[in-house]
Amino acid sequence: MLASLNVWADVIAAGLVGAAVLFWIVQLVGNGVSGRFRQKFRFGQWPEHDEIIPIFPRLIHFLHVVNMIMLAVSGIYIRFPFYPGLKPLNQQIHYIAMWAVIVFMVIRIVYALIVDRKTFAFTRQDAKVMPQAMMYYMFVRKHYPHLSKYNGMQKLTYGYAFPVLLTFLAITGLSMFWPAQLLGWTGSIASSAAYARIIHFTLAALIITVTLIHICLSFVEDFPALMIFFGLRRQYWEEDYDEYYEEDEELDDRSDARPDDQLDDQLDNAAVAKVLAAEDPAPRKKSKK
Ligand code: HEM
C-alpha cells in the first residue's frame, strides 16, 4: 500500500511540474504570437500602479523566495539523494529554512490582518470578473479586466492557497520532525510518519507548481513590478511623484485642461504611432511621368 502510494506521489508530482512547464510554454508562445510581448516590452504598455509598494511586504516576499528555493531544492534532494555525501548538510538546510519560513509566514499573516487585509478580500465582483481574467490569460480575451490591485485568482492564490498549502506543509513536516510527540496519538508512529511524508511530498509538488505559474505570470504580465519587488528598479511613481503632480496642478489651472487619462492616452498613442511609423514607413506614392 505505502509503496504504491509513493509511486503515485511521484507520478502526481511529475504531472504537476509538467503542467507548470506547459503553462510557461503556452504563455511565452502566446504572448509572442499575440503581440503582447511587443506591446509590453517594446512600447512599455505595462499595468499602471498608483500606489507605492511598501518595503516591509517586499522584504518578507524576498525572504520567502530565498527560503522556498532552499526548501524545494533540499526537499527534492531528501527524496532523490543522488549524491549521498551531502545528506546531513542538506537535512540541516531543510530544517533551518523550515523554521524561517514558518516564522515569516506568521509575520506576513499578522501584517495582512493588521495592514493590508482588504487587498486580499475576495468580493462578489471579483468572482464575476474572474472568468474574464482567465480568458485573458488564455488569450481568448484581448484586454485585461482591471478591477483592483489583484484580480480574483491572485487574491485566492496569495491570500488563501499559499498560506493554506504552507500550513499543511508545516504540519506534515513537523510530524516528521517530532514524530513521537505529534503522531503518538495515532497508535502507529512509523506508518503515520510514512503517510505524512507522502502528503508532504505531494503538497510540496503542488506548491512548487503554483509558484512556477506565479513566477511566469509575474514575468509576462508585469515585469517592471517584478523588478521593483526585488529592488532592481525604483518605483517610477516614487521618482516622478512630485514632478507628476506639479504638472497635474499646472494643467488643472489651465481653463482648457483636459482630463488626465485623455492626455495620457494621446501621449501614449502619439509615441506608439511614432515608433510604428519609423519601423514601418508608409509606401511612397508613385510619381507620374
Ligand atoms: C513549511 C514548513 C516545512 C517543514 C516543517 C518541513 C519539514 C520537513 C521534514 C522534517 C522533512 C523530512 C526530512 C528528513 O527526512 O530528513 C521534510 C521533507 C521534505 N520536504 Fe519539507 N518542510 C517544510 C516545507 C517544505 C516546502 C515548502 C517544500 C517544497 C517547496 C518541502 C519539500 C520537502 C520534500 C520534497 C521533502 C522530502 C519528502 C520525501 O522524502 O518524500 N518542504 N520536510
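Me: Which hand does the crossing of helix 3 and helix 4 have?

Reply: In this predicted model, the crossing of helix 3 and helix 4 is left-handed. The residues of that contact divide into 17 nonpolar, 7 polar and 1 charged.

Me: At what angle do helix 3 and helix 4 pack, and how far apart are their axes?

Reply: An angle over 145 degrees counts as roughly antiparallel. Helix 3 and helix 4 pack at an angle of about 150°, with 8 Å between their axes, and the two helices are therefore roughly antiparallel to each other.

Me: How many residues does helix 3 have, and what span does it reach from its first C-alpha to its last?

Reply: Helix 3 runs over residues 55-79, which makes 25 residues, and its span of 36 Å from first C-alpha to last is close to the 36 Å expected at 1.5 Å a residue.

Me: Which residues of helix 3 are buried, and what covers them?

Reply: A residue is taken as buried if 20 or more other C-beta atoms lie within 10 Å of its own. In helix 3 the buried residues are Asn67, Leu71, Ser74 and Gly75, and what covers them includes helix 4 (87-116) and helix 8 (189-221).

Me: Where does isoleucine 53 lie, and why is it classed as partly exposed?

Reply: Isoleucine 53 lies in the loop between helix 2 (36-42) and helix 3. Partly exposed is the class between exposed, at 12 or fewer C-beta atoms, and buried, at 20 or more; isoleucine 53 has 16 other C-beta atoms within 10 Å, and is therefore partly exposed. Isoleucine 53 and isoleucine 228 are 175 residues apart in sequence, yet 8.5 Å apart in space, C-alpha to C-alpha.

Definitions and conventions:
Residues are numbered from 1 along each chain as its sequence is written. This is a predicted model: local features need pLDDT of at least 70, side-chain atom pairs count only at pLDDT 80 or more; totals for chains, interfaces and linings use all residues. Helices (H or I, at least four residues) and strands (E, at least two) are DSSP runs, numbered from the N terminus. The expected span of a helix is 1.5 Å times one less than its number of residues. Two residues are in contact if their C-beta atoms, placed from the backbone, lie within 7 Å. Axes are lines fitted to C-alpha atoms, for helices over the stretch in contact, and angles run from 0 to 180 degrees between N-to-C directions. Angles under 35 degrees count as roughly parallel, over 145 as roughly antiparallel, 65 to 115 as roughly perpendicular and the rest as oblique. A crossing is left-handed if the near helix is turned anticlockwise from the far one by less than a right angle, and right-handed if clockwise. Ala, Val, Leu, Ile, Met, Phe, Trp, Tyr, Cys and Pro count as nonpolar, Asp, Glu, Lys and Arg as charged, and the others, Gly among them, as polar.
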